[in-house]
Every structure is written in C-alpha cells, then in structure tokens.
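Student: I have a structure open and would like to learn how to read it. Could you show me how helix packing and charged pairs are described?

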Amino acid sequence: MTKRAPPALALRIPRGLSLLLAANPNARVTGLDAFPRSDWPNVRLVHGAFDLMVASGMALLALAAWSGWVWWKRRPLADHPRLLRALVAAGPLGFVAMETGWCVTEVGRQPWIIYGVMRTRDAVTPMPGLVAPFVLFTALYVFLAVIVCFLLCRQFLETPGPVSEPPHGLTPCLHIS
C-alpha cells in the first residue's frame, strides 16, 4: 500500500507514538492500514468526536486559566460580566467532553466487543419486546424533566429581586477580602 502524506495541520512528534504506546522510542507501531477494512471502526466519527472532546477540554482549561488570572489579580469575579457569561455558556462543555469521550471509546473499538474474539453483532441479545420498556422509560424521564423545569421556573419567578446586602455577619462569596 502507498503511504498518504499527513494532513497539512498535523502535529508531528518524531517517535512520539512509539513512546506513548510502548515507552520505547524504537517500538514499531502498526497502522490502521495493516488491518482488513472490515475490522476498521468509523474513523471519521471517532476522529471528529476526539477533536470535539479535546476542544471542549481546552476551552474549559482556558476558562479556568482566565478565572485564575482574575482571582490572582485580586479582583471579584462578579465584576467581570464577560467572564461570567463565558462560564455560563461553557456549562455544557463538561458533558460534551464526557459524551464525545464515550463515543471515541465505544465507536473506536467497533466492530469488536473483545478484539479478535467476539464481534458486536454476535454479542447482541436477541430479546424481543425491548421497545415497550424503552418507550416507557423514555416517556417517564421526559415527563420528570418537564416537571423539574416547571418547578424551577416557578421557583425563579416567585423569588424576590436581588438582595442588596448579605445577611448580618456574612460576606459575599465572590468577593475576596
């Protein structure tokens, strides 16, 4: 087989993969092209999920560094509306990173459950009637999610406006003395 040139934006670390795989810079690393195409996972999906996982982690790391810098400068975080907006917007990134990491793990090992021993298609339980409990549990969780959203909205709408000063003896938690 002919070797393809790496993508233009690829980060090349000489002998880096050998060190990572076997702790030996001279270890031989077998590429995906050495395996039959029927044993390949969905490479595009795994690569895209991995990129999204790493991007989410890097964004969270950058936000942590920004927050640390603001804290180090002895400034209250509440005085930085851009930082607060970025922190709120980044809320789902931890879940995104976790789910895409799961996708990398599970899709990346396909089509094998146990490499060289059992394929995924052989491990599926031939259980009829699984649609009914699946639909039932999905409906239950959707129902519970709607109730939680309703209760949270009601709680937030009934809460009085912002408190002008904290209760006696307490200091605001976002201010550093």
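Student: How do α2 and α4 run relative to each other, roughly parallel or roughly antiparallel?

Tutor: Two packed helices are described by the angle between their axes and the distance between the axes. In this predicted model, α2 and helix α4 (residues 93-108) pack at an angle of about 150°, with their axes 8 Å apart. Axes are lines fitted to C-alpha atoms, for helices over the stretch in contact, and angles run from 0 to 180 degrees between N-to-C directions. The two helices α2 and α4 are therefore roughly antiparallel (under 35 degrees is roughly parallel, over 145 roughly antiparallel, 65 to 115 roughly perpendicular, the rest oblique). Helices here are DSSP runs of H or I with at least four residues, strands are runs of E with at least two, and both are numbered from the N terminus.

Student: What is the handedness of the crossing of α2 and α4, and which residues make the contact?

Tutor: The crossing of α2 and α4 is left-handed, a term used if the near helix is turned anticlockwise from the far one by less than a right angle; clockwise would be right-handed. Contact (heavy atoms within 4.5 Å) involves, among others, Leu45, Phe50 and Met53 of α2 and Val96, Cys103 and Val107 of α4. By class, the contact of α2 with α4 has 14 nonpolar, five polar and no charged residues. For these classes, Ala, Val, Leu, Ile, Met, Phe, Trp, Tyr, Cys and Pro count as nonpolar, Asp, Glu, Lys and Arg as charged, and the others, Gly among them, as polar.

Student: How does α3 pack on α2?

Tutor: Helix α3 (residues 81-89) and α2 pack at an angle of about 150°, with their axes 11 Å apart, and this crossing of α2 and α3 is left-handed. Here Leu63, Trp66, Ser67 and Val70 in α2 meet Arg82, Leu83, Ala86 and Leu87 in α3. That contact of α2 with α3 has six nonpolar, one polar and one charged residues.

Student: Is serine 67 buried or exposed?

Tutor: Serine 67 is buried, with a relative accessible area of 16%. Buried means under 20% relative accessible area, exposed over 50%, and partly exposed in between (1.4 Å probe, protein chains only). Not counting residues up to four places away in sequence, serine 67 touches Leu77, Leu83 and Leu87.

Student: How many salt bridges are there in the whole structure?

Tutor: Side chains of opposite charge can pair when their charged atoms come close. A salt bridge needs a side-chain nitrogen of Lys or Arg within 4 Å of a carboxyl oxygen of Asp or Glu, and a search of the whole structure finds two. In one, arginine 119 meets aspartate 39 (2.5 Å, N to O). The pair links distant parts of the chain, 80 residues apart: arginine 119 lies in strand β2 (residues 118-119) and aspartate 39 in the loop between α1 (16-22) and α2 (43-72). Both arginine 119 and aspartate 39 are buried.

Student: Which residues form the other bridge?

Tutor: Glutamate 106 and arginine 109 do, at 2.4 Å, N to O. Glutamate 106 is partly exposed, at 23% relative accessibility, and arginine 109 is partly exposed too, at 30%.

Student: What should I keep in mind about the model and numbering?

Tutor: Residues are numbered from 1 along each chain as its sequence is written, and side-chain values use heavy atoms, leaving out hydrogens and water. Since the model is predicted, local features need pLDDT of at least 70 and side-chain atom pairs count only at pLDDT 80 or more, while totals for chains, interfaces and linings use all residues.
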